Amino acid sequence: LPDVPSSMMRRIGELNDGTQWSVNWGASIWTRLRGQGPWHSEPIGSSSHDGANTADGERANILDGRGRVWLIDPAAPELHRVLFEQPGAIAVAPDSQGDRILLSFHDGMRLFGPRGELLRFIPVAGSAVGDLAISPDDRWIAGAQVDGTIRIWSMQDGREVAALRGHEGRASSVAFDPSGVELVSAGWGGQILRWSVDAFDRPAQELLAAIEASWGLTLEDAL
């Protein structure tokens with residue numbers, strides 16, 4: 001990227017048609033249409049907090065420092081446009097088709113329609129969620145929290161289904177692999193952790209039995 005120090009980079013992505021995008025702590029969205037020609041800087045008058053592709057790879061959403069949610073759509077007459085504004089938003093994650101957009105705030109998460117209509121409020125235990133991801137099948141929400149916890153919620157009803165711990169320090173990023181089989185998380189402690197999405201569907205007692213069989217001893221013995 002021209003004239004953008006690596007220390008300023010926040011997010012970068014590529015869509016199915018080759019269009020590349022980047023957001024940074026500056027006041028522009030950078031795009032390179034279909035991966036050809038020079039990078040184009042679109043001034044937006046605010047730093048950018050976050051950005052993510054839809055799971056189908058056709059579009060991307062950008063969240064700027066004013067809480068505006070931008071759409072990047074190479075097939076539209078305007079490559080960039082603002083969908084709606086939600087001041088105080090921290091992170092953004094679109095669903096697989098971009099029909100619903102999830103934003104995190106200091107008091108929880110909110111799911112919106114494409115015009116900014118509120119669909120659901122999702123309470124969050126513990127610290128704020130600094131990064132979000134929605135699984136490719138739109139079943140799960142993953143959130144990385146400042147206290148190092150990775151939490152999982154049901155996309156259908158907003159209930160929390162798991163609290164995953166293993167990061168030393170702040171958890172900074174979460175992403176589902178394209179198949180939706182694994183969740184990957186990263187943190188300020190330098191760790192990258194992989195989690196099996198299959199476990200989110202399994203009862204706790206079944207998981208405990210599998211762990212005990214793998215260890216060759218019971219949880220009580222291990223403690």
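Biologist: How many of the residues in the protein chain count as buried?
Modeller: Of its 223 residues, 45% count as buried. Keep in mind that this is a predicted model.

Biologist: Okay, and which helices and strands do we have, in numbers?
Modeller: The chain has 2 helices and 19 strands.

Biologist: Switching to cores. Which residues have the most contacts inside the largest nonpolar core?
Modeller: Those are Ile150, Ile152, Leu164, Val174, Phe176, Leu183 and Phe200, in a core of 15 residues. Strands E14, E15 (150–154), E16 (160–164) and E17 (171–176) each give at least two residues to this core.

Biologist: What does phenylalanine 176 touch?
Modeller: Leaving out residues up to four places away in sequence, phenylalanine 176 touches Ala133, Ile134, Ser135, Pro136, Trp140, Ala142, Glu182, Leu183 and Val197. There's also another core apart from the largest one, with 12 residues, including Ile122, Val129, Leu132 and Met155.

Biologist: You mentioned E14. Where is glutamine 145, and is it buried or exposed?
Modeller: Glutamine 145 is in strand E14, which covers residues 140–145. Its relative accessible area is 0%, so glutamine 145 is buried. Its contacts, not counting residues up to four places away, include Val124, Ser127, Val129, Arg151 and Arg170.

Biologist: Now rings. How many aromatic pairs does a search of the whole structure find?
Modeller: It finds 1 aromatic pair. The pair is phenylalanine 84 with phenylalanine 112: the ring centres are 5.4 Å apart and the planes are at 40°, so it is tilted.

Biologist: Which strands hold those two?
Modeller: Phenylalanine 84 is in strand E8 (residues 80–85) and phenylalanine 112 is in strand E11 (residues 108–112), so the pair ties together parts 28 residues apart in sequence. Both phenylalanine 84 and phenylalanine 112 are buried.

Biologist: What sits over the ring of phenylalanine 105?
Modeller: That's the charged end of arginine 110, 4.8 Å from the ring centre.

Biologist: Let's look at aspartate 64. Buried or exposed?
Modeller: Aspartate 64 is buried, because its relative accessible area is 0%, and buried means under 20%. It sits in strand E6, residues 60–64.

Biologist: What lies 2.9 Å from a polar atom of its side chain?
Modeller: The backbone nitrogen of arginine 66 does. Beyond four places in sequence, aspartate 64 touches Ile44, Ser46, Ser47, Ser48, His49 and Trp70.

Biologist: Last one: where is isoleucine 72?
Modeller: Isoleucine 72 is in strand E7, residues 68–72. At 0% relative accessibility, it counts as buried. Its C-alpha is 6.2 Å from the C-alpha of asparagine 61, which is 11 residues apart along the chain.

Biologist: And what is isoleucine 72 in contact with?
Modeller: Leaving aside neighbours within four places, isoleucine 72 is in contact with Leu15, Trp21, Ile29, Thr31, Arg59, Ala60, Ile62, Leu79 and His80.

Technical notes. Residues are numbered from 1 along each chain as its sequence is written. This is a predicted model: local features need pLDDT of at least 70, side-chain atom pairs count only at pLDDT 80 or more; totals for chains, interfaces and linings use all residues. Side-chain values use heavy atoms; hydrogens and water are left out. Helices (H or I, at least four residues) and strands (E, at least two) are DSSP runs, numbered from the N terminus. Buried means under 20% relative accessible area, exposed over 50%, partly exposed in between (1.4 Å probe, protein chains only). Rings of Phe, Tyr and Trp (its six-membered ring) pair if their centres lie within 6.5 Å; planes under 30 degrees apart count as stacked, over 60 as edge-to-face and the rest as tilted. A charge sits over a ring if NZ of Lys or CZ of Arg is within 6 Å of the ring centre and within 35 degrees of the ring normal. A polar contact is a pair of N or O atoms within 3.5 Å; within protein, one must be able to donate a hydrogen and the other to accept it, and residues adjacent in sequence count only if both atoms are side-chain atoms. Contact means heavy atoms within 4.5 Å. A nonpolar core is a set of buried Ala, Val, Leu, Ile, Met, Phe, Trp, Tyr and Cys residues joined through side-chain atoms within 4.5 Å.
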